[in-house]
Amino acid sequence: MPRLTRIQREQAIGRLHAGQRPRVIANDMHCSIRTIERLRERYNATTSTNDRPRSGRPRVTTARQDRHLHRQHLRDRFRTASESARQTIGTHQRPICAETVRRRLRTVNLSCRRPARGPILTVRHRRQRLQWAQQRQNWRHQQWRTVVFSDESRYCLSVADGRARVWRRRGERYTDGCVVERDAWGGQSIMVWGGIALNRKLGPVVFQNIGPGRGNGVNAARYIDQVLRPHVVPHFARHRNHVFQQDNARAHTARLTTDFLQQHNVRTMPWPALSPDLNPIEHLWDEIQRRLNDIQPRPTTAAQLTASFHRVWNAIPMAFINRLVHSMYRRCMAVINANGGHTRY
């Protein structure tokens, strides 16, 4: 027999006050006559149709056990709820369930989320990142506007970035319409180089005649011939007060590359290892990937991917580039606040 709702209970009391008999009201509301009589007795005693307070189901963990669960998951953030449940004996002398652990953790604002990914930072890496950020924490736009940030990135025809979602029913996980088919290695790809500065974009360069190998097939000779000689050297010949930023890839730190830059008077900025979060051009690569994913129909050959990349690169507004350059102060402060560790960038 269904339970009366709050509105039905108030209607029943109103009809009782109007002089209707409990049996008539019970027949209309499809409940027993005893339900209407108890409702009248409770209303006469409390002047309310609300239920009396109930004790509820007894908790299976004590307050001390709750605090212990909180401390365990703060000490080991990757500890699973199932593991804690197996090791916790509740008040009924049996292990508690994992959902109980999750409810206890939610009371202290601990929720299960996908972890962020970052490079492996040793003590030396953290110290170098911290020192680099501290040396430049007082830089303002006047200093950062003279820095040219550069980097390489690879774009593949087949992309699986984990952002796609599918609407499906239970049991339809492997239905053809619910499966995203991707090449295991991304299919054909292009390797590109680009540089950004305040109100400027250098490149882009789509590397030619590169093959598989360390450093994505870009060696010092290709880096000099396809990037430095046609793009970087002419820019620094016109802007001698600018500084060239590049990471510590093998093609960048090779003796052939460093000698070439010194011969052409290109000043370079020292760069801490494993610091993509300090390079604003990384966010440009991500924005380009998002825009490439939105292109319909998707490119099916390397030539089409190259043409699409050039169109997206040219469509990036300069205001977006300037915002990335202006974020350098916040990036440095984020590294300092993290004591050289990972940041949200």
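## A pair of valines in the sheet

V147 stands opposite V243 in β4. V147 belongs to strand β1 (residues 147-156), which runs parallel to β4 and is joined to it by 3 bridges. Two strands count as paired if DSSP finds at least two bridges between them. Strands of a sheet pair through backbone hydrogen bonds, either parallel or antiparallel.

This is a predicted model, in which local features need pLDDT of at least 70 and side-chain atom pairs count only at pLDDT 80 or more, while totals for chains, interfaces and linings use all residues. Residues are numbered from 1 along each chain as its sequence is written, and side-chain values use heavy atoms, with hydrogens and water left out.

## The sheet and a helix across it

The open sheet has 4 strands in the order β3-β2-β1-β4, and the pairing is mixed. At the edges stand β3 (200-206) and β4 (243-245); each has a single partner strand, so one side of each is left without a neighbour in the sheet. On average, neighbouring strands of this sheet are turned by 20° against each other, direction ignored.

Helix α13 (residues 302-315) lies across β1, β2 (189-197) and β3, and runs at about 180° to β3. Axes are lines fitted to C-alpha atoms, for helices over the stretch in contact, and angles run from 0 to 180 degrees between N-to-C directions. Contact means heavy atoms within 4.5 Å.

## The whole protein

The secondary structure comes to 15 helices and 4 strands. These are DSSP runs numbered from the N terminus: helices are H or I with at least four residues, strands E with at least two. The radius of gyration, taken over C-alpha atoms, is 33 Å, well over the 20 Å that the globule rule gives for 345 residues, so the protein is more spread out than a compact globule. That rule is 2.2 Å times the number of residues to the power 0.38.

The C-alpha atoms fill a box of roughly 105 × 50 × 40 Å along the principal axes. Of the 345 residues, 39% are buried, meaning under 20% relative accessible area with a 1.4 Å probe, protein chains only.

## One buried arginine

R42 is placed in helix α3 (residues 33-46). R42 is buried, with a relative accessible area of 13%. Not counting residues up to four places away in sequence, R42 touches R9, T47, S48, T49, N50, D51 and R52. A polar atom of the R42 side chain lies 3.3 Å from the backbone oxygen of N50.

Definitions and conventions:
Buried < 20%, exposed > 50% of the residue type's maximum accessible area, 1.4 Å probe, protein only. Polar contact = N/O pair within 3.5 Å; in protein donor to acceptor, adjacent residues only side chain to side chain.
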